[in-house]
Amino acid sequence: MSTDSTDPTITFDAVTKRFGAHVVLDELSFTVDPGEFVTLIGPSGSGKTTILRLLMTLEKVDGGTISIDGEYLSHMERGGKLVPADEKHLSRVRRRIGMVFQQFNLFPNMSVLRNITEAPTRVLGLSKGEAEARAVDLLDMVGLSDKASAHPTQLSGGQQQRVAIARALAMRPDVLLLDEVTSALDPELVAGVLSVLKEIASTTDITMLCVTHEMQFARDVSDRVMMFDSGRVIEDAVPEKLFTSPEHDRTKEFLSAVLNRA
Ligand SMILES: Nc1ncnc2c1ncn2[C@@H]1O[C@H](COP(=O)(O)OP(=O)(O)OP(=O)(O)O)[C@@H](O)[C@H]1O
């Protein structure tokens, strides 16, 4: 499969994922275009995190294919046939994808700066100077220029999450996956993290796929929102449409439940 500038950045083509007899994703197909910010919403257990885990190659598909910029992620071509990707192929393609999790997973014994420069020097082979210059720019972007020499334990949860965002961006990913990045934060720290993400969405051309229960954020920042139920996209629309005049009854019920809870 060749890379073509008109290819979507993310393509799920009839992807099926099962855990035992439980079919979590049932021939799911969708695309995300270059630079788009797409948010996945839907009830607990509908398969949102599974989609991100498949993209991170933490899970394998049971059917269908996943591609990034027109290149297979889940598979590779060998002797004219499509075969499941081997480790070498996976590690090359997944380098294009960054992820920020609910838990920040920073290295506690390293300074903030080292947390950000570690992977670019080790994996991308950047010199220490290059990696540090990049890290300094990213710390500025996430509003933590004064914390370069601090250790993670000296930071608030919101600050740690902003370091985790800078660390993911330091690898210059084409795609950034965001999985409930504010769920573990105290409510007063959420706004700072969301405003950093908004800034990244508006100032970079990184393609972003986000799972969140922060409906206001989804509404403010997304180009498109996909509503999931039982592993299928039941509604896919721009936020103004999906949040103000949803078409599907399940979307209406879901939104009314989460908005009443907030
Ligand atoms: N490793 C696993 N083994 C067995 N079942 C799993 C595994 N991972 C996920 N599941 C099941 O797959 C379904 C989808 O899970 P997933 O975490 O993708 O849902 P979700 O929409 O992200 O939910 P939430 O909003 O609660 O995070 C759930 O029923 C879950 O129990």
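In helix α6, the buried residues are Val193, Leu194, Val196, Leu197, Ile200 and Ala201. They cover an arc of only 155° around the axis, which puts them on the same side of α6. The arc is taken from the directions between the helix axis and the C-beta atoms. A residue is buried if 20 or more other C-beta atoms lie within 10 Å of its own, exposed if 12 or fewer, and partly exposed in between, with C-beta atoms placed from the backbone.

The model is predicted: local features need pLDDT of at least 70, side-chain atom pairs count only at pLDDT 80 or more, and totals for chains, interfaces and linings use all residues. Residues are numbered from 1 along each chain as its sequence is written. Helices (H or I, at least four residues) and strands (E, at least two) are DSSP runs, numbered from the N terminus.

The face of α6 turned away from the buried side carries exposed Glu188, Ser202 and Thr203. The buried residues of α6 pack against β3, α5, β9, β10 and α7. Contact requires C-beta atoms, placed from the backbone, within 7 Å.

Strand β8 covers residues 97–100. Ile97 and Met99 point one way, Gly98 and Val100 the other way, and all are buried. β8 and β9 run parallel and are joined by four bridges. Strands pair if DSSP finds at least two bridges between them. Ile97 stands opposite Val175 in β9.

The ligand is surrounded by residues including Phe19, Val24, Lys48 and Thr49.

Conventions
Two residues are in contact if their C-beta atoms, placed from the backbone, lie within 7 Å. A residue is near a molecule or strand if its C-beta atom, placed from the backbone, lies within 6 Å of it.
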